[in-house]
Amino acid sequence: MKGKGNDRAARLRIAGTMSGTSLDGIDLAVIETDGREILDLGETRYRAYSADERATIREALGTWPGDRRAEAAARVVEAAHAQVCEGLEGIDAIGFHGQTLAHDPGERRTHQAGDGARLAAATRCQVIWDFRSTDMEMGGQGAPLAPFYHWACARRIGAGGPVAFLNLGGVGNLTWTDPAAEAPEAPGACVAFDTGPANAPIDDVMRARGLGDYDAGGALAKAGRVERDIVQAALGARYFARMPPKSLDRNDFADLFDVLAPLPDADAVATLVAIAVAAVARGMAHLPEPPAQVLVTGGGRKNAAMMSGLRAALKCPVHAVETVGLDGDFLEAQAFGYLAARVMNGMPTSAPGTTGVAAPVGGGRRSLP
């Protein structure tokens with residue numbers, strides 16, 4: 001696989017990759033874009049982590065560069081990404097997010113395992129990576145980074161006014177976007193922030209209790225009873241009173257694990273779903289105006305308990321992104337392909353409304369094979 005020579009071309013074909021906080025595996029999606037519009041969407045791939053690979057990454061959660069566990073996780077992440085990229089043709093670059101092990105915006109530091117230079121050498125293709133560091137060095141939260149792509153998605157579906165995209169991964173994040181804005185970094189184009197815990201604590205409870213890796217379809221949550229006192233206590237955390245932009249680490253709500261310990265399995269999971277829903281509902285108050293609809297992406301859209309809770313709690317229609325022709329399994333990977341194209345074309349990748357950075361800034365590092 002070999003990248004094309006003109007990396008300043010307006011139209012680029014990028015393989016975006018994403019390995020999220022659920023730690024299930026790697027999504028890859030090919031996107032053609034000029035860094036503004038979505039011109040075409042190509043093939044998608046998924047490469048699951050093995051049990052041993054997942055254990056190595058999980059052991060490294062919360063670690064920083066230099067820790068032996070972080071180095072072991074990085075080698076796993078690099079090798080798995082190289083494998084999922086095998087055989088790609090006609091690609092200008094790979095957008096490589098890496099695997100987030102720790103995120104501490106208060107100290108302006110973040111850690112995504114995986115070295116783009118190693119991946120470039122392995123794939124013989126240019127790699128765009130380390131999307132978050134520059135934003136944090138400039139005073140931003142470093143997250144969320146998908147909002148600029150959400151703006152492009154709103155334009156692609158022909159949205160007639162502001163819409164919201166809700167990504168329910170390990171952590172929830174919400175983007176309000178106005179497709180009429182001249183660019184995603186323009187004032188008023190995007191408002192985005194992490195809403196609170198989503199799938200990560202549910203998956204952790206399921207795994208710790210020997211119930212599997214996740215609550216398939218939300219079946220266990222639907223059978224449980226919500227402990228409202230725990231929900232209210234969780235929503236009393238200082239984070240929810242802060243104005244956006246704001247972001248979270250996967251383990252920022254790890255104390256819920258002990259709080260839920262006395263509850264039966266179904267009740268514990270149902271309560272975590274209710275916390276995720278309540279966090280989103282609380283976040284809606286921070287949006288500039290009510291969106292026409294909330295479009296849900298990420299694994300949480302497959303959780304029936306989560307979706308029914310959102311539809312009951314929010315005052316606008318809530319739909320999975322598939323209802324408007326988007327692919328919720330690969331939207332995050334597409335987003336990092338889109339951001340890679342913006343890096344290559346010298347465009348900003350974050351702005352005050354998305355990360356709190358002082359002015360629009362272009363992140364990302366470039367590694368040649």
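Ala, Val, Leu, Ile, Met, Phe, Trp, Tyr, Cys and Pro count here as nonpolar, Asp, Glu, Lys and Arg as charged, and the others, Gly among them, as polar. Keep that sorting in mind for the first stop. The structure is a predicted model.

Start at the second largest pocket. Its volume is about 340 Å³. By class, six nonpolar, seven polar and six charged residues make up the lining of this pocket. The lining counts 19 residues, and Pro-65, His-111, Gln-112, Gly-114 and Trp-129 lie nearest the centre of the pocket. Helix H2 (68–84), strand S4 (93–104) and strand S5 (109–113) each supply at least two residues of the lining. H2 gives the most, with five residues.

Trp-129 leads on to Ser-367. The side chains of these two residues make a polar contact of 3.0 Å. Ser-367 is found in strand S12, which covers residues 365–367. Is Ser-367 buried or exposed? Ser-367 has a relative accessible area of 10%, so it counts as buried. Leaving out residues up to four places away in sequence, Ser-367 touches Gly-116, Ala-117, Ala-120, Cys-125, Gln-126, Val-127 and Trp-129.

In general, a disulfide is a covalent bond between the sulfur atoms of two cysteines. This structure holds zero disulfides. For Cys-125, the nearest cysteine sulfur is that of Cys-85, 7.8 Å away. A disulfide needs two cysteine sulfur atoms within 2.5 Å. Cys-125 is also buried, with a relative accessible area of 0%. What of Cys-316? Its sulfur is 17 Å from the closest cysteine sulfur, in Cys-190, and that is too far for a bond. Cys-316 is buried as well, with a relative accessible area of 13%.

Now turn to helix H12, residues 304–313. Which residues of H12 are buried? They are Ala-305, Met-306, Met-307 and Leu-310. In an α-helix there are 3.6 residues a turn, so residues three or four places apart point the same way. The buried residues of H12 pack against several elements. Among these are strand S7 (163–168), helix H6 (199–208) and helix H11 (265–284). Strand S10 (294–297) and strand S11 (318–320) are also included. At the start of H12, a side-chain oxygen of Asn-303 reaches to within 3.0 Å of the backbone nitrogen of Ala-305.

Arg-301 lies in the loop between S10 and H12. Arg-301 is buried, with a relative accessible area of 11%. Which side chains make polar contacts with that of Arg-301? One is the side chain of Glu-322, at 2.8 Å. Another is the side chain of Asp-329, at 3.0 Å. Not counting residues up to four places away in sequence, Arg-301 touches Val-296, Met-307, Ala-320, Glu-322, Gly-328 and Asp-329. Met-307 is one of the buried residues of H12.

The last stop is Tyr-149, in helix H5 (residues 147–156). Tyr-149 is buried, with a relative accessible area of 0%. Tyr-149 and Gln-334 stand 185 residues apart along the chain, yet their C-alpha atoms are separated by 8.1 Å. A polar contact of 2.8 Å joins the two side chains. Neighbours within four places in sequence aside, Tyr-149 is in contact with Ile-31, Ile-38, Leu-41, Leu-331, Gln-334, Ala-335 and Tyr-338.

Definitions and conventions. Residues numbered from 1 in each chain as written. Predicted model: local features only at pLDDT ≥ 70, side-chain atom pairs only at ≥ 80, totals over all residues. Heavy atoms only, no water. Buried < 20%, exposed > 50% of the residue type's maximum accessible area, 1.4 Å probe, protein only. 1 Å grid on protein atoms, 1.4 Å probe; cavity = no way out; pocket = protein on both sides within 12 Å on 5 of 7 lines; lining within 4 Å. Points joined across faces, edges and corners; volume = space filled by probe spheres on them. Helix = DSSP H or I, 4+ residues; strand = E, 2+ residues; numbered from the N terminus. Contact = heavy atoms within 4.5 Å. Polar contact = N/O pair within 3.5 Å; in protein donor to acceptor, adjacent residues only side chain to side chain.
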